[in-house]
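Dear colleague,

Please find below the structure that I am handing over to you, followed by an account of what was found in it. I would be grateful if you could read the two side by side.

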Amino acid sequence: MCFKKNITTYEKVELKISTMRGSAIYEISSEGNISKILVYRMVYGNGSAERVLEKNVTADTAAVVEKLNEVDLFRWNGFSGKHPKNVTDGVMFDLKAIVNDGITIRADGSENFPKGYRELMRWLYEITR
């Protein structure tokens with residue numbers, strides 16, 4: 001019998017998204033019953049990169065945990081989606097999450113995503129609009 005592992009708490013989720021036109025970093029941190037969701041854009045110039053805060057919103061921590069479980073974030077651990085052959089452009093992602101008192105989840109990919117990725121991105125877009 002296979003049991004689905006659920007997230008009960010989280011400390012931080014960091015999701016980096018890169019495209020040919022730019023990159024963004026979503027940082028979600030739990031602060032008790034409220035979670036902070038920060039969105040940074042990377043600005044490149046003079047040979048360096050700078051993180052510029054673009055959005056700062058709050059959400060109910062229980063709702064964040066619910067969403068992380070809906071997209072089955074635990075199953076993402078170890079996912080490494082190789083870029084598909086003959087695809088010349090696309091989106092790359094890199095995720096690091098610290099959940100359940102110290103468990104680290106890592107995943108990455110290039111135009112190749114784990115199940116639930118698009119759902120999580122839609123939710124992040126909607127909540128930070």
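W76 is buried, with a relative accessible area of 1%; buried means under 20% relative accessible area, exposed over 50% and partly exposed in between, with a 1.4 Å probe and protein chains only. Please note that this is a predicted model, in which local features need pLDDT of at least 70 and side-chain atom pairs count only at pLDDT 80 or more, while totals for chains, interfaces and linings use all residues. Residues are numbered from 1 along each chain as its sequence is written, and side-chain values use heavy atoms, with hydrogens and water left out.

The aromatic residues come next. The whole structure holds 6 aromatic pairs; rings of Phe, Tyr and Trp (its six-membered ring) pair if their centres lie within 6.5 Å, and planes under 30 degrees apart count as stacked, over 60 as edge-to-face and the rest as tilted. The rings of W76 and Y117 are tilted, because their planes stand at 40°, with the centres 6.3 Å apart. This pair links distant parts of the chain, as W76 lies in helix α2 (residues 73-76) and Y117 in helix α3, 41 residues apart. Helices (H or I, at least four residues) and strands (E, at least two) are DSSP runs, numbered from the N terminus. Y117 is also buried, at 5% relative accessibility. W76 and Y117 belong to one aromatic cluster, together with F79, F93 and F113.

I turn now to the packing of two helices. The axes of helix α1 (residues 61-70) and α3 come within 9 Å and cross at roughly 155°; axes are lines fitted to C-alpha atoms, for helices over the stretch in contact, and angles run from 0 to 180 degrees between N-to-C directions. The two helices, α1 and α3, are therefore roughly antiparallel to each other (angles under 35 degrees count as roughly parallel, over 145 as roughly antiparallel, 65 to 115 as roughly perpendicular and the rest as oblique). V64, K67 and E70 of α1 meet E119, L120 and W123 of α3 in this contact, where contact means heavy atoms within 4.5 Å. By class, the residues of the contact of α1 with α3 are 3 nonpolar, no polar and 3 charged; Ala, Val, Leu, Ile, Met, Phe, Trp, Tyr, Cys and Pro count as nonpolar, Asp, Glu, Lys and Arg as charged, and the others, Gly among them, as polar.

K67, in helix α1, counts as buried at 12% relative accessibility. Leaving aside neighbours within four places in sequence, K67 is in contact with E119, L120 and W123. W123, in helix α3, is buried with a relative accessible area of 17%.

Finally, the backbone: D101 has a positive phi of about 60° although it is not a glycine. D101 lies in the loop between β6 (92-99) and β7 (103-110) and counts as exposed, at 79% relative accessibility. E111, likewise not a glycine, has a positive phi of about 55°. E111 is found in the loop between β7 and α3 (117-128) and is partly exposed, with a relative accessible area of 28%.

Yours sincerely
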